[in-house]
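Student: I have just opened this one and would like to go through it with you step by step. Could you help me get my bearings?

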Amino acid sequence: MSGFAQNTFNGLVSGAFYALLALGLAVIFGMLRVVNFAHGAFYMLGAFGAYVLLTEAGVPFWAALVIMPLALGLLGMALERAVIHRLTRLDPLYNFLLTFGLTLILQDLVKTRYGVQSSPYATPAALSGSVDFGLFDFPTYRVFILGFTVLLCVGVWWVLSRTRIGMVVRAATERPELTRAFGIDVGRWVTPVFGFGIGLAGLAGVLAAPMRAVNPLMGADLIIVVFAVVVIGGLGSIFGSVAAGFGIGLVQAWGESYLSDFPIVSQTIVFIVMAVVLLWRPAGLFGREEAPA
Amino acid sequence: MTSAVDTPADAARPAPPSGLLTVARAPGWVRYALLAAGLLVALWLPNGLYPAVAVDILCWALFAVSVDLLLGFTGLMSFGHAAFWGTSAYVTGLVAIHAGLPFPAAVLAGALAAAVLAVPIGYLAVKRTGIYFAMVTLAFAQLVYYVANEWRSVTRGENGLQGVPREFFGMDLTDDFYFYYAILPIVLLGLAAAWRIVHSPFGRVLVGIRDNPARARALGYPVHRYKLTAFVLSGFIAGLGGGLFAVGHRFVSLDVLHWTTSGKAVIVVVLGGIGTLWGGVLGAAIVVRLEDWLSFSGFEAIGLVTGGIFVLVVLLFRRGIWGSVAALARRWGVARRR
């Protein structure tokens, strides 16, 4: 039983990363109709930025947790203004290709500067050790990630559903033309929302730094899993993306421990789930039906 | 390209690429002259380039044409075509190593395996369109990548398949120069097949589905089945390229299944010109040649350059080479007639 709790907890923690990345993808897609391939690269930049800040400037984890998302959010906004913006009126596939190219560039930039080997990042002192939950104890840092992510997701939900900005973003996501007709300047929110999504990816990266190996390719394969997550959840649905993120984290963790005799299955379980969802509900678990094609 | 999401932005998407129609509408002598010139260049190629590079160009030409068959003529952007290219490379390599068959038989086996794999992937993927189709194909290709990575007893994992033979009835094809001419007929057959598909009644229906899926459905065409058939045919042609690539390199590594390979194939098509078929061949020649030149000159960050090309092409050059030339030729033709 304690093994099950352990697996479930670890699944929720890795699900937290999927949820943060999927959330960013979903808000960006909702507002701009852009599927950002470079999301994994920004996650990597978040982790790398934290590492460089610590080793070259002695900036601690807590400061990096604030600095990197802000810096990457600004970089994202600049990027949206400079290039992505030019393609948003075209087929979304063009921006998919553009951000794919950006991914290769960002990865290679970091690779040429810092090499491909992984760098360790120490867990902040306040979060080392473990928390005792009576029957089991879990590493404090992981408990922190889980709590922090859940709080963040609740916060985003609150902003989207309870504030005026959230109302505009939701309206612009569902019916952009109609929202404009009501005299709301939708364009004004496009760049900040893009920056916010990128900031979330950077935040996930900083959170990942003490837990996972920091290297230029850490976001490369992750982003494909996150794509599968948003297909499962329904990319148009913000709640669906977060729920699918945690769900896939759980399924993966259970698969890895209970199907460890079949490594092929446990490695690919995400994609198998995606195939089942496509058969059963092609629009995703929480997605709306597309216009018939 | 059709988009899954019915947004007003779709109304502003560029007119469907029409390179094919331009060439088809060109006078007969222009088409025959282009065909003859293309064949002459193909025959001359290994004299002007390193034969190994010329072999790669042929393989990538097939790959690009297979992607364009979907992207340009069916309106589906497959971002997971490495699954078919790579599966065929592995199957071809395994058949060539273990069965000792002549290499064309091994390549055929590989391409058939790719086509068989394309059936379930295509069946699931055509349930979505637009950007979702790209993400779904990408994810399934990654599934194939992980399977190959884990199934080490067969694929040799990170080490790859080594020593794929170039067996052909005892002929000595170890020299890339002769190997190029040995595979040229197969590649030309594959390209001719693609041309035939596009110009068949079946191909016209595909273009109809690309431009107006709702109308195609209303006219009674089983849209999903047409898309799936196109997907499987495309997987077969990609498989031909991948199999030849494996024999050409005498080595198969996991790279052939990686998503960067899928992405490279798409950008080769965009560079050459979406929906132009032969544009992909040009794009393949340019990208393969450039990458060879970069790695030869000791430049390490190839991704920086290919990524930069992606960005520039998508931002400034969406018509691609063939599309731009065709547009120029059309304007010139119109001006002359006045």
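Student: What share of residues 293–317 of chain B is helix, and how far apart are the end C-alpha atoms?
Tutor: In this predicted model, that stretch of chain B is 76% helix and 0% strand, with its end C-alpha atoms 23 Å apart; helices here are DSSP runs of H or I with at least four residues, strands are runs of E with at least two, and both are numbered from the N terminus. Local features need pLDDT of at least 70 and side-chain atom pairs count only at pLDDT 80 or more, while totals for chains, interfaces and linings use all residues. Residues are numbered from 1 along each chain as its sequence is written, and chains are lettered from A and ligands numbered from 1 in the order in which they are written.

Student: What does UniProt list for chain B?
Tutor: An unreviewed UniProt entry lists residues 29–45, 57–76, 131–148, 178–198, 228–253, 265–287 and 293–317 of chain B as "transmembrane region"; the positions follow the numbering used here, feature names are shortened, and annotations may be inferred rather than shown by experiment.

Student: And how much of residues 131–148 of chain B is helix?
Tutor: Residues 131–148 of chain B are 100% helix and 0% strand, and the end C-alpha atoms of this span lie 26 Å apart.

Student: Switching to chain A, how many helices and strands does it have?
Tutor: Chain A has eleven helices and two strands, and along the sequence the pattern is α-α-α-α-β-β-α-α-α-α-α-α-α. Within chain A, residues 189–210 are 91% helix and 0% strand, with end C-alpha atoms 33 Å apart.

Student: How much of chain A is buried?
Tutor: Of its 293 residues, 52% count as buried, where buried means that 20 or more other C-beta atoms, placed from the backbone, lie within 10 Å of the residue's own.

Student: Now the contact between the chains: how many residues does each one give?
Tutor: Chain A gives 45 residues and chain B gives 51, with two residues counted as in contact if their C-beta atoms, placed from the backbone, lie within 7 Å.

Student: Which element gives the most on the side of chain A that touches chain B?
Tutor: That is α4(A), with 16 residues.

Student: And which classes of residue are on that side of chain A?
Tutor: The side of chain A that touches chain B has 31 nonpolar, six polar and eight charged residues; Ala, Val, Leu, Ile, Met, Phe, Trp, Tyr, Cys and Pro count as nonpolar, Asp, Glu, Lys and Arg as charged, and the others, Gly among them, as polar.

Terms used: Buried ≥ 20, exposed ≤ 12 C-beta atoms within 10 Å, placed from the backbone.
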